[in-house]
Amino acid sequence: MSQAELLATIKAIAVPGKGILAADESDKTIAKRFKSINLESTEESRRAYREMLFTTPEFGQYVSGVILYEETLYQKHKDGTPFPELLAKQGAIPGIKVDKGLVDLPNCPGEQITQGLDGLTDRLKKYKEQGARFAKWREVYHIGDVIPSSLAIKANAEMLAFYAAACQEQGIVPIVEPEVLIDGSHTLARCFAVTEAVLHAVFKALYKHKILLEGMILKPSMVISGNQCAKQADVQEVAEQTLTVLRRYVPAAVPTINFLSGGQSSEVATAHLNAMNKDKNNPWNLSFSYGRALQDHALKAWGGKPENVAVAQHALHKRLKLNGLASVGKYDSSME
Ligand code: 5MM
């Protein structure tokens with residue numbers, strides 16, 4: 001492992017005022033997103049969509065890294081520039097989703113685990129040759145009356161740690177993404193309790209697998225009320241509870257925490273990030289690694305039509321800029 005290589009990548013990503021764009025929707029997910037704008041998902045429509053995102057003016061002013069899907073890593077701008085090169089020109093580091101998606105976890109009804117460890121080292125070597133400098137792996141945790149189980153929490157944590165070790169061995173910075181899902185009628189307090197068990201298990205596994213904490217990125221969900229919960233916690237409560245759980249379970253050696261948005265609206269996700277950055281006592285850089293919360297408005301404005309590229313880029317630019325401000329606590333809802 002080259003520690004210097006990992007630290008150099010971290011230094012370029014963990015820049016105040018900048019964050020990560022998650023554009024690594026798998027084929028199934030991007031097909032779902034395109035369906036919402038009545039567009040068929042083809043290799044070309046996916047390429048055109050990602051080209052629209054990546055060529056947004058001032059992209060690199062707010063984005064220090066982009067998570068790509070494997071197909072996108074090998075695609076090109078229509079002028080022939082490979083996307084990793086285009087992103088580098090924009091000032092953003094290319095990253096790659098390396099997990100192979102979710103499967104049911106045997107003997108754990110209603111729970112899942114992420115696959116993709118087989119052949120991972122060989123894939124990492126190829127992705128690095130193609131320009132990827134960081135990677136992402138996501139585990140999900142469903143909240144129900146009796147789940148997540150301790151078995152699922154432990155098994156998912158082990159997967160994240162195996163993956164992170166494989167990445168660091170290749171000089172690739174791992175984004176460790178444990179996502180506690182928003183789906184359900186659970187309260188904020190229940191989400192807090194699950195998140196603390198999850199983070200505790202994840203950092204225990206990372207320790208056991210000798211992960212260099214200074215050379216990783218944590219991509220967690222926030223502590224929020226379930227989307228079916230009658231009482232929705234306000235922005236301040238979410239910020240306070242999320243910071244409390246992070247301070248208890250995430251070592252200060254982790255350089256940067258880049259949140260996922262997980263089904264929050266674009267505006268709410270920005271407000272939550274901003275509220276957390278109003279508190280100046282955080283030991284880590286706190287920023288975004290949003291997918292939907294950055295892309296939703298742009299996708300709708302684009303609608304699959306080349307003539308809408310400029311208006312779609314304007315929509316993305318706005319979300320990038322506002323989240324850039326939120327990552328340093330300088331956003332205000334009046335800017336919407
Ligand atoms: C962009 O979506 C990512 C890929 O999801 P699938 O593997 O299910 O297609 C996803 O992992 C994403 O990076 C995170 O969930 C964060 O995105 P959101 O939309 O939750 O901010």
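I start with the second largest pocket, whose lining has six nonpolar, four polar and five charged residues. Here Ala, Val, Leu, Ile, Met, Phe, Trp, Tyr, Cys and Pro count as nonpolar, Asp, Glu, Lys and Arg as charged, and the others, Gly among them, as polar.

This is a predicted model, where local features need pLDDT of at least 70 and side-chain atom pairs count only at pLDDT 80 or more, while totals for chains, interfaces and linings use all residues. Residues are numbered from 1 along each chain as its sequence is written, and side-chain values use heavy atoms, with hydrogens and water left out.

The second largest pocket holds about 230 Å³ of space. Its lining has 15 residues, and the closest to its centre are Ala48, Glu51, Trp302, Pro306 and Val309. A pocket is an open set of points on a 1 Å grid over the protein atoms alone, where a 1.4 Å probe fits, with protein on both sides within 12 Å along at least five of seven lines; lining residues have an atom within 4 Å of a point. Points are joined across faces, edges and corners, and a volume is the space filled by probe spheres set on them.

Which element gives the largest share of this lining? That is α3, with six residues. Helices are DSSP runs of H or I, at least four residues, and strands are runs of E, at least two, numbered from the N terminus.

Now the largest pocket, at about 1100 Å³. Ser26, Thr29, Arg33, Lys97 and Arg138 are the closest to its centre, out of 37 lining residues. α2 gives the most to this lining, four residues.
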